[in-house]
Amino acid sequence: MRSAATIGCARKLASWRKPDEHDDHFFSVCGSSHGARAGALHKLQSQGRARLEQLGYPGPRDEAWRFTPLAQTLTTSWQVAGADADYPAVPDFALNGYRVILRNGRVDLKASKLPEAASVSSFATLADAPVELNQLFAESAQSFAALNASAAVDGVVIRVPAGVTIDAPIHLVHLMAGEDVSAHPRHLIVAERGSACTVVESCFGVGTYVANPATEIFVAESATVNHVRLQQDSMTATHLGLIAAQVAGDATLHSYAVSLGAALSRTEIDVVMTAPGGHVGLHGLYSAKDKQVADFHTSLDHAHPDCTSEQMYKGVLDDRGRGVFAGRIMVRQDAQRTAAMQTNRALLLSDDAKVNTMPQLEIFADDVSCTHGATIGELDEKALFYMQSRGIDEASARSILTYAFADEAIIGLPVDVVRRYIESQLTGHEEGMTA
């Protein structure tokens, strides 16, 4: 069932607009009533509509989007998805922990299992917005962050009190279903001083839809957050994922973003280190086959001294799959004694597969240790021959070598059952997710 509110409208390619252009009809449609008019999300929606009107949408000449084919997405009418739909069956992903179910972007607390040691709530039930809401996206130049704010009708707020460690992962299960529908869940994770938590987001769906989740993460002093987003949406879907984080002094953030599904997926990760002594690890893995496009854009801002970071992103491209990686590291003038490493590697399994990689390193300090590198290659024919000479058939040998290549990006993923499931998808050996 669809709601009456349309958040997109059919437009010719010629009507793609640069940020300084304006389209009254489109924004009047976006501004129509689509739920959550009062309460925590009301201000967010108003801010989002204003920001979206200012920015517009990226066109083919926008440098950051020139490898991301948005034509079909931006020329289709997308309705805000209703809650009633035939949702997909998903693997048993209970993780022996806590879970929050979201159906077409709406939280179902009755079907959820929540930890007692942390505050976990639905945005739709909150009368007042948390002070942190939209701090990271308010001035973002990302159009789809503004769209998320404009169209969000629900999401999850997780607040971990100071000094508390959540004893099991909190799993946010995104389920999507429908034709020409969209959902824009908004999540907020706040880890207060000295706390620790692991949050897993998994995305599954059936049909043709746009999933546009946005997650804001605040890691306070000496706190630790592990965040995992596993994207395995419908192969006819578009996934536009946004993750933004602030990491305080002596705090740690580990982000794992894995893209396996969707016809077109783009994941944007933006992290700022706001005090000395923080550590950030960004890890990503994408797989694209047939005509899939998997796109990762990261930005890591070393704004203070004595911080460390590491980035490891790997892509596996087959058939006519396309991959994109753009990773930016900024080391500001006062950020002395920074140590930052970025690695991006892609494996091409067919002659028609393609990847575009754009590492960027901007350094304005003089006492730093920074490296970045990108490689694109094929399976080692000598290794294939050696394995076949030892009695391993060619298909199995290729699977083993592909797994060995990809596994480096997720070897440190802190939830074993999730890592095993991802490995099973890469190798084609089905494995459940029961912890």
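Select Glu-216 to start. Glu-216 counts as buried, at 0% relative accessibility. Keep in mind that this is a predicted model.

**Stop 1: the partner of Glu-216**

Arg-186 forms a salt bridge with Glu-216, and the closest N and O atoms are 3.6 Å apart. Arg-186 lies in strand β8 (residues 186–191) and Glu-216 in strand β10 (residues 214–219), so the bridge ties together parts that are 30 residues apart in sequence. Is Arg-186 buried or exposed? Arg-186 is buried, with a relative accessible area of 0%. Side chains of opposite charge can pair when their charged atoms come close.

**Stop 2: β11 to β9**

Select Arg-229 and Glu-201. These two form a salt bridge as well, with 3.3 Å between the closest N and O atoms. The pair links distant parts of the chain, 28 residues apart: Arg-229 is in strand β11 (residues 224–232), and Glu-201 is in strand β9 (residues 196–211). Colour by accessibility here. Arg-229 is buried at a relative accessible area of 2%. Glu-201 also counts as buried, at 0%.

**Stop 3: Arg-266 and its two neighbours**

Centre on Arg-266. What is its salt-bridge partner? The partner is Glu-268, with the closest N and O atoms 2.7 Å apart. Glu-268 has 16% relative accessibility and counts as buried, because the cut-off is under 20%. Arg-266 is buried too, at 2%. Next, show Trp-65. Arg-266 lies over the face of Trp-65, at 3.6 Å from the ring centre.

**Stop 4: a charged trio**

Select Glu-132, Arg-159 and Glu-192 together. A network of salt bridges links these three residues. How many salt bridges does the structure hold? The count is 17.

**Stop 5: ring against ring**

Switch to aromatic side chains. The structure has 5 aromatic pairs. Zoom in on Tyr-57 and Phe-144. Tyr-57 sits in the loop between α2 (40–55) and α3 (71–74), Phe-144 sits in helix α4 (residues 143–151), and the two are 87 residues apart. Tyr-57 and Phe-144 are both buried.

Now select Phe-296 and Tyr-313. Their ring centres are 5.6 Å apart and the planes stand at 55°, so the pair is tilted. The pair joins distant parts of the chain: Phe-296 is in strand β16 (residues 293–302) and Tyr-313 is in strand β17 (residues 308–317), 17 residues apart. Both Phe-296 and Tyr-313 are buried.

Then move to Lys-314. Which ring does its charged end sit over? The ring is that of Phe-405, with 4.4 Å from the charged end of Lys-314 to the ring centre.

**Stop 6: helix α7**

Select residues 416–427. This is helix α7, with 12 residues. From first C-alpha to last, α7 reaches 16 Å, close to the 16 Å expected. Show the side chains next. Buried residues in α7 include Val-417, Val-418, Tyr-421, Ile-422 and Leu-426. Arg-419, Glu-423 and Ser-424 are also buried there. An α-helix has 3.6 residues a turn, so residues three or four places apart point the same way.

What covers the buried residues of α7? The cover includes β9 and β11, along with β13 (252–259), β15 (279–288) and α6 (394–407). Finish on Gly-428. Gly-428 follows α7 and has a positive phi, near 80°.

Notes
Residues are numbered from 1 along each chain as its sequence is written. This is a predicted model: local features need pLDDT of at least 70, side-chain atom pairs count only at pLDDT 80 or more; totals for chains, interfaces and linings use all residues. Side-chain values use heavy atoms; hydrogens and water are left out. A salt bridge is a side-chain nitrogen of Lys or Arg within 4 Å of a carboxyl oxygen of Asp or Glu. Helices (H or I, at least four residues) and strands (E, at least two) are DSSP runs, numbered from the N terminus. Buried means under 20% relative accessible area, exposed over 50%, partly exposed in between (1.4 Å probe, protein chains only). Rings of Phe, Tyr and Trp (its six-membered ring) pair if their centres lie within 6.5 Å; planes under 30 degrees apart count as stacked, over 60 as edge-to-face and the rest as tilted. A charge sits over a ring if NZ of Lys or CZ of Arg is within 6 Å of the ring centre and within 35 degrees of the ring normal. The expected span of a helix is 1.5 Å times one less than its number of residues. Contact means heavy atoms within 4.5 Å.
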